[in-house]
Structure formats: C-alpha cells, structure tokens
Amino acid sequence: MNYLGVGVSPGNVPVYHGSNLRVLDRRVRIAELILRCLICALALVSAVLIATDTQVKEFFTIRKRAKFTDMKALVFLVVANGIAAAYSLFQVVRCGVSMLRGTVLFNKPLAWAIFSGDQVLAYLSLAAVGASAQSAVFSKYGETELEWMKTCTMFGKFCNQIGEGVATSLLMTLSTLILSAVSAFSLFRLYGGDSKGKESGGW
C-alpha cells in the first residue's frame with residue numbers, strides 16, 4: 001500500500017510532525033470563523049432594529065415621537081453594536097485569509113492581541129446590554145419611587161421593537177463570551193509542550 005509515496009503497512013504508519021496541531025488549529029479556526037460571522041450578523045441586526053425604531057403619539061394637540069436617542073443606554077447599545085460588527089468583520093477577513101493561506105497561529109503577540117480584543121468586546125457588549133435591559137425594565141414597569149411613568153403603555157410598538165433589539169444583542173453578547181473562551185484556548189495552548197520548537201509568525 002502506498003500513500004503519498006510513503007510505503008506503509010499495518011505496523012508502519014508515517015508520522016507527520018505537527019499534523020495533529022494543524023488539525024486542531026483548523027477546527028478551532030472554523031469555530032472561530034462561525035462565531036465571528038454570527039456576532040457580526042447579530043450586532044448589525046440589533047443596531048438596525050434599535051436605530052430605525054420610532055413611534056409617534058398624539059396627546060390632544062401635542063405630538064410626541066419616541067426614538068432610541070431619547071434613552072442614552074440605547075445610544076450606548078447601538079454604538080457598541082456598531083463597534084462589535086466592525087471588529088468582527090475585520091476578524092472574519094483575517095480568519096478567512098489565514099484559512100486560505102493554510103497558516104497556523106504560532107505568533108504569541110498576535111494571539112495576545114486577538115485575545116485582548118475579544119475580551120474588550122465581550123465586556124463592552126455585556127455592559128451595553130446590561131444598561132439597556134435596566135432601562136427597558138424601567139420603561140416597561142416604571143419606577144413609582146422616582147415617579148417614572150410606564151412609557152411602554154403609550155409606545156407599545158416602539159418598546160416591542162426595542163425589546164427585539166435588546167434580545168438580539170443578548171444573543172450576540174453570549175456569542176462573544178464563547179468566542180473569548182475560544183481565543184483563550186488559542187492563546188494558552190501556544191504555551192504548551194506541543195508548540196515548542198514549532199515555527200512562528202503565522203496568522
């Protein structure tokens with residue numbers, strides 16, 4: 001039996017140094033690419049849902065328009081989603097180029113930069129979703145001690161679409177947390193025994 005010009009038998013199997021590491025790296029890259037595409041898509045959908053949401057109500061002779069800029073937490077969420085989408089798109093391109101080139105990530109400074117960026121993205125998204133969720137609760141149920149009204153009773157359509165946007169952002173945030181774990185694995189495995197003596201400088 002011949003495989004790529006190497007004679008093999010049941011007791012003679014060729015060993016390619018680093019092949020297991022490359023297979024593992026490819027699987028991690030595929031998972032990373034899927035997560036980054038998902039984050040980019042969810043961030044865009046959430047930003048569009050919130051930024052385009054508006055509703056007009058008439059109270060006698062007064063017209064009141066509800067829009068996302070009326071709540072600073074929603075502005076923060078839209079900005080955070082924009083940052084998440086742009087960052088994820090950049091990383092998707094990087095992952096795609098890396099997979100096409102067939103390179104393996106052995107560059108520790110680059111791995112640290114990716115890990116740090118993913119951590120910042122996760123914390124930013126979590127903070128934005130947390131602030132928006134709190135504002136949404138106040139809008140839905142009001143706050144009697146502070147004499148805040150239940151604005152969602154007047155702007156039902158507006159609140160429903162905002163809720164969809166916040167829920168989408170929550171899914172995006174959960175995806176960033178999973179991505180952070182993947183980035184941590186990609187980084188810290190470089191300090192294991194398998195990476196010693198390997199080439200460096202790949203994507």
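# Rings, a serine and a pocket

W112 is partly exposed, with a relative accessible area of 36%. That label covers everything between buried (under 20%) and exposed (over 50%), using a 1.4 Å probe and protein chains only. This is a predicted model, so local features need pLDDT of at least 70 and side-chain atom pairs pLDDT 80 or more, while totals for chains, interfaces and linings use all residues. Residues are numbered from 1 along each chain as its sequence is written, and side-chain values use heavy atoms, leaving out hydrogens and water.

Let's start with the whole chain. Four helices and four strands make up its secondary structure (DSSP runs, H or I of at least four residues for helices and E of at least two for strands, numbered from the N terminus). The chain has 203 residues, and 37% of them count as buried. Take the contacts (heavy atoms within 4.5 Å) between residues at least 6 apart in sequence: 82% of them join residues at least 24 apart.

Now for the rings. How many aromatic pairs does a search of the whole structure find? There are three. W112 and F188 form one of them, an edge-to-face pair with 5.9 Å from centre to centre and 85° between the planes. Ring centres must lie within 6.5 Å to pair, and planes under 30 degrees apart are stacked, over 60 edge-to-face, and the rest tilted. This pair links distant parts of the chain, since W112 belongs to helix 3 and F188 to helix 4, 76 residues apart.

F188 has another partner. Why is its pair with F115 called edge-to-face? The ring centres are 5.9 Å apart and the planes stand at 70°, so the pair falls in that class. F115 sits in helix 3 and F188 in helix 4, so this pair ties together parts that are 73 residues apart in sequence.

| Residue | Relative accessible area | Class |
|---|---|---|
| W112 | 36% | partly exposed |
| F115 | 15% | buried |
| F188 | 45% | partly exposed |
| L24 | 33% | partly exposed |
| S169 | 0% | buried |

S169 deserves a visit of its own. You will find this serine in helix 4. Its side chain makes a polar contact with the side chain of N81, at 3.1 Å (N or O atoms within 3.5 Å, one able to donate a hydrogen and the other to accept it; sequence neighbours count only through two side-chain atoms). Beyond its neighbours within four places in sequence, S169 is in contact with S46, L77, N81 and V129.

L24 is part of helix 1, residues 19–51. Between L24 and S186 there are 162 residues in sequence, yet their C-alpha atoms are 9.9 Å apart in space.

Finally, look for the largest pocket. Its lining has 22 residues, and M71, S139, T151, F158 and C159 lie nearest the centre. Strand 4 (62–67), helix 3 (108–141) and helix 4 (156–188) are the elements that each give two or more residues to this lining. Which element supplies the largest share? Helix 4 does, with six residues. A pocket is an open set of points on a 1 Å grid where a 1.4 Å probe fits, with protein on both sides within 12 Å along at least five of seven lines; lining residues have an atom within 4 Å of a point.

Key:
Rings of Phe, Tyr and Trp (its six-membered ring) pair if their centres lie within 6.5 Å; planes under 30 degrees apart count as stacked, over 60 as edge-to-face and the rest as tilted.
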